[in-house]
Amino acid sequence: MTRLTAPGLPEHTVRARARDGAAAVFPPLDSYGTAVFGASPEPAGDEIDALRLAPPVFMPGRLAKLIDLGREPLYSDVRLDTDLGGFTAPLPVYLSALGSTRVAGTSLALSRQAGRLGIPMVIGENVAPMNGFRAGGDHRKGLLERIQAYCEELPDGVGGICVQQSTEDADSEVWNHVYSDPAVTGLLTSGRLGFELKVGQGAKPGLGGLTMISEAVASDLAGQYAVERLGPGTSSILRCASPGTFTDEIFRRQIQLMRNNYPRARCWVKLFPGRDVGHAAALAWDAGAHAVAVDGAEGGTGWAPTGFLGHVGLPLAEALRRVDPAGRTLLASGRVWDGIRAVKLLALGARAVGLGRAALIAADEDPEHGLERLLDAMALELRMAVSALGRYAAEETGPEDLWEPRS
């Protein structure tokens with residue numbers, strides 16, 4: 001283990017779930033019979049943390065399920081499978097984009113586990129320009145190696161790979177290479193290949209990807225990326241990717257080109273939490289995007305200026321308020337690690353939620369099964385929470401299921 005840290009997440013709890021799975025949803029088992037539990041004030045979090053799920057007393061949906069089953073329904077009767085941006089998933093969960101930064105070193109472990117689970121996975125920007133399209137020798141972190149590790153475990157009929165592209169990826173013609181490579185033929189013919197246009201990310205809205213690199217690497221990348229030394233007499237070198245330039249027309253044309261040039265691939269768009277995120281999402285869907293992912297200011301797994309983390313971009317709750325999916329696929333990411341937060345985001349309009357930092361921590365705790373156990377815990381919480389609301393499919397939740405504390 002590298003012992004990654006994740007400020008802003010309850011890392012100890014995420015690691016416990018990666019070790020113990022669904023058992024970690026409950027208090028410690030050795031406290032059963034010796035302790036009694038009730039609600040206690042929670043530490044201050046974001047606005048989504050402050051929301052509470054509000055079950056009704058009268059549940060016509062539960063009655064309908066009772067009649068359908070011929071018995072009293074249980075939380076285990078809740079259906080979690082969903083259509084997710086053109087892919088089928090057993091849970092309303094996908095693996096968010098993990099790029100080329102050092103913390104993505106567990107990428108192959110995550111690829112294998114996501115494949116076994118059948119959840120869609122996004123491969124982040126700059127993997128091919130930084131790590132290679134087809135890595136050689138023992139270095140198995142290139143773009144195709146991530147795809148192959150996923151596909152080796154993937155059951156039939158579920159999941160999918162979405163390859164993200166930024167400006168530098170476009171210069172390397174990443175989508176063209178992926179679309180025509182024999183290694184992805186199976187995904188393409190089964191409708192499980194997608195491309196994601198990255199407009200930005202939650203941790204650093206308006207900026208491109210940032211990573212720290214060595215002197216040796218800097219000399220190789222200087223012609224492709226902006227490279228800057230951070231301070232005199234320091235060995236710290238910052239590699240800066242371009243954020244890309246978008247207007248309404250450029251944005252619309254990019255999506256239309258994706259649909260025209262890669263007709264067999266699903267089209268996803270990732271938006272940062274900008275003040276016009278609702279307008280951008282509507283444009284993306286109207287131009288033909290199969291899914292729009294909104295990354296809240298709480299999101300992001302990579303390197304970012306500390307001032308951006310606390311002061312730039314809309315919080316996820318506010319970003320979702322500004323987007324009207326109107327039946328189309330909205331994806332949401334930002335500090336997701338448990339089923340309760342996931343249900344809140346579904347009630348706010350998302351079709352599914354993305355795991356980023358929590359997935360990295362889970363794989364860091366247990367590279368073989370950590371993500372699987374984390375999602376076992378999430379699935380149990382999802383079913384219990386959705387059932388408590390009188391619903392029996394995760395997609396049936398809505399804003400009426402939420403209570404917002406008065407300010």
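**Getting to know a predicted model**

Colleague: Where is leucine 330 found?

Modeller: Leucine 330 sits in strand 13 (residues 330-333); strands are DSSP runs of E with at least two residues, and helices are runs of H or I with at least four, both numbered from the N terminus. Please keep in mind that this is a predicted model, where local features need pLDDT of at least 70, side-chain atom pairs count only at pLDDT 80 or more, and totals for chains, interfaces and linings use all residues. Residues are numbered from 1 along each chain as its sequence is written, and side-chain values use heavy atoms, leaving out hydrogens and water.

Colleague: Why is leucine 330 called buried?

Modeller: Buried means under 20% relative accessible area, exposed means over 50%, and partly exposed lies in between (1.4 Å probe, protein chains only). Leucine 330 has 0%, so leucine 330 counts as buried.

Colleague: Which residues does leucine 330 touch?

Modeller: Leaving aside residues up to four places away in sequence, its contacts include Trp285, Val292, Leu320 and Ala352. Contact means heavy atoms within 4.5 Å.

Colleague: What makes a set of residues a nonpolar core?

Modeller: The set must consist of buried Ala, Val, Leu, Ile, Met, Phe, Trp, Tyr and Cys residues joined through side-chain atoms within 4.5 Å. The largest such core here has 89 residues, and Phe195, Phe251 and Leu355 touch the most other members. Helix 17 (residues 370-388) gives the largest share of this core, 8 residues.

Colleague: How do you know that helix 1 is roughly perpendicular to helix 17?

Modeller: Helix 1 (residues 11-20) packs against helix 17 at an angle of about 100 degrees, with the axes 6 Å apart. Axes are lines fitted to C-alpha atoms, for helices over the stretch in contact, and angles run from 0 to 180 degrees between N-to-C directions. Under 35 degrees counts as roughly parallel, over 145 as roughly antiparallel, 65 to 115 as roughly perpendicular and the rest as oblique. That is why helix 1 is roughly perpendicular to helix 17. Among the contact residues are Val14 and Arg17 of helix 1, and Leu374 and Glu381 of helix 17.

Colleague: How do you know that strand 9 and strand 10 pair?

Modeller: Two strands pair if DSSP finds at least two bridges between them. Strand 9 and strand 10 (residues 237-240) have 4 bridges, in the antiparallel sense. They belong to an open sheet of 3 strands in the order 8-10-9.

Colleague: Why do strand 8 and strand 9 stand at the edges?

Modeller: Strand 8 (210-213) and strand 9 (226-229) each have a single partner strand, so one side of each is left without a neighbour in the sheet.
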